[in-house]
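User: Please walk me through this model by way of questions and answers, with the cut-offs stated as we go.

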Amino acid sequence: MKAQEAIVYREIQKSTDTAMKTIDAISGKVYDDDLALQISKQSLRYAEIHNEASRQLMEGKAERYQSTALSDALLKTGIHYNTLLNTSTGHIAELMIKGSNNGILEMEKTLKHNERAGERPSALAQELITFEQKSIENLKKYL
C-alpha cells in the first residue's frame, strides 16, 4: 500500500471514529426522538465507512489509526462543556453540524495533500464527504 493511500484511509478512520464517539457522548443528552434517530443512523453509516477503511489498511498491512486516551477525554470534556447549560435540540444539531463541517474540511485537506492516493481511498473519502454534507442538510431542520 502506498503511503498516501494509508494516510487517506487513516484520516477516514480518524474522522469517523471522532464522529461515532461524539454521537455516543451526546446521545444521552438528546431529548427529541427524531433527532436521536437521525444521529443513530449517522453513527451506523460512520461505522460502515470506518470498517471499510480499516479493512483496506489491514489488507495493505498498513498501520491503523488509534485515538489516544487524551484525545478521547478532550472530546468528551468538550461535549460536556458545550452541553452543560444548553441541551436544546437546536444546540445539539448545531454542534453536530459544526463537527460535520470540521470533518469535511479535514478530509478535503487530506485529499488535497495526498493527490496520488489512488482511486479507492479517494472514492471512500469522497463518499464520507458526501455523507457528511447530507447529514448537515438533514440536521438543519432541527436548528
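Predicted model: local features only at pLDDT ≥ 70, side-chain atom pairs only at ≥ 80, totals over all residues.

User: Which pattern do the secondary-structure elements follow along the sequence?
Analyst: Helices (H or I, at least four residues) and strands (E, at least two) are DSSP runs numbered from the N terminus. The protein has five helices and zero strands. Read along the sequence, the pattern is therefore α-α-α-α-α.

User: What is the radius of gyration of the protein, and what does the globule rule give for 143 residues?
Analyst: Along its principal axes, the C-alpha trace spans about 45 × 30 × 25 Å. The radius of gyration is taken over C-alpha atoms, and the globule rule is 2.2 Å times the number of residues to the power 0.38. The protein is as compact as a globular protein of that length, because the rule gives 15 Å for 143 residues and the radius of gyration is close to this, at 15 Å.

User: What percentage of the residues count as buried?
Analyst: Buried means under 20% relative accessible area, exposed over 50%, and partly exposed in between, with a 1.4 Å probe and protein chains only. Of the 143 residues of the protein, the buried share is 39%.

User: How are α1 and α5 oriented, parallel or antiparallel?
Analyst: Axes are lines fitted to C-alpha atoms, for helices over the stretch in contact, and angles run from 0 to 180 degrees between N-to-C directions. The axes of α1 (residues 3-26) and α5 (residues 119-139) come within 9 Å and cross at roughly 25 degrees. Angles under 35 degrees count as roughly parallel, over 145 as roughly antiparallel, 65 to 115 as roughly perpendicular and the rest as oblique, so α1 and α5 are roughly parallel.

User: How many nonpolar, polar and charged residues does the contact of α1 with α5 have?
Analyst: With contact meaning heavy atoms within 4.5 Å, the α1 side includes Val-8, Tyr-9 and Ile-12, and the α5 side includes Leu-124, Ala-125 and Leu-128. Ala, Val, Leu, Ile, Met, Phe, Trp, Tyr, Cys and Pro count as nonpolar, Asp, Glu, Lys and Arg as charged, and the others, Gly among them, as polar. The contact has seven nonpolar, two polar and three charged residues.

User: How do α1 and α4 run, parallel or antiparallel to each other?
Analyst: Helix α4 (residues 89-113) packs against α1 at an angle of about 175 degrees, with the axes 10 Å apart. By class, this contact has 10 nonpolar, six polar and two charged residues. The angle means that α1 and α4 are roughly antiparallel.

User: Which residues of α4 meet α2?
Analyst: The axes of α2 and α4 come within 11 Å and cross at roughly 20 degrees, which means that α2 is roughly parallel to α4. Their contact has six nonpolar, three polar and no charged residues. On the α2 side are Leu-35, Ile-39, Gln-42 and Tyr-46, and the residues that they meet in α4 are Thr-89, Ile-92, Ala-93, Met-96 and Ser-100.

User: Which residues does Ser-15 touch, not counting residues up to four places away in sequence?
Analyst: Ser-15 lies in helix α1 and is buried, with a relative accessible area of 11%. Leaving out residues up to four places away in sequence, Ser-15 touches Gly-103, Met-107, Leu-128 and Glu-132.

User: Which residues does Thr-110 touch, with the sequence neighbours up to four places away not counted?
Analyst: Thr-110 lies in helix α4 and is buried, with a relative accessible area of 10%. Not counting residues up to four places away in sequence, Thr-110 touches Ile-7, Val-8 and Glu-11.

User: What separates the C-alpha atoms of Arg-116 and Gln-4?
Analyst: Arg-116 sits in the loop between α4 and α5 and is exposed, with a relative accessible area of 64%. Not counting residues up to four places away in sequence, Arg-116 touches Lys-2 and Gln-4. Although Arg-116 and Gln-4 are 112 residues apart along the chain, their C-alpha atoms are separated by 6.6 Å.

User: What is the phi of Lys-61?
Analyst: Most residues other than glycine have a negative phi. Lys-61 is found in the loop between α2 (33-59) and α3 (69-83), and is exposed, with a relative accessible area of 77%. Although Lys-61 is not a glycine, its phi is positive, at about 55 degrees.

Terms used:
Residues numbered from 1 in each chain as written. Heavy atoms only, no water.
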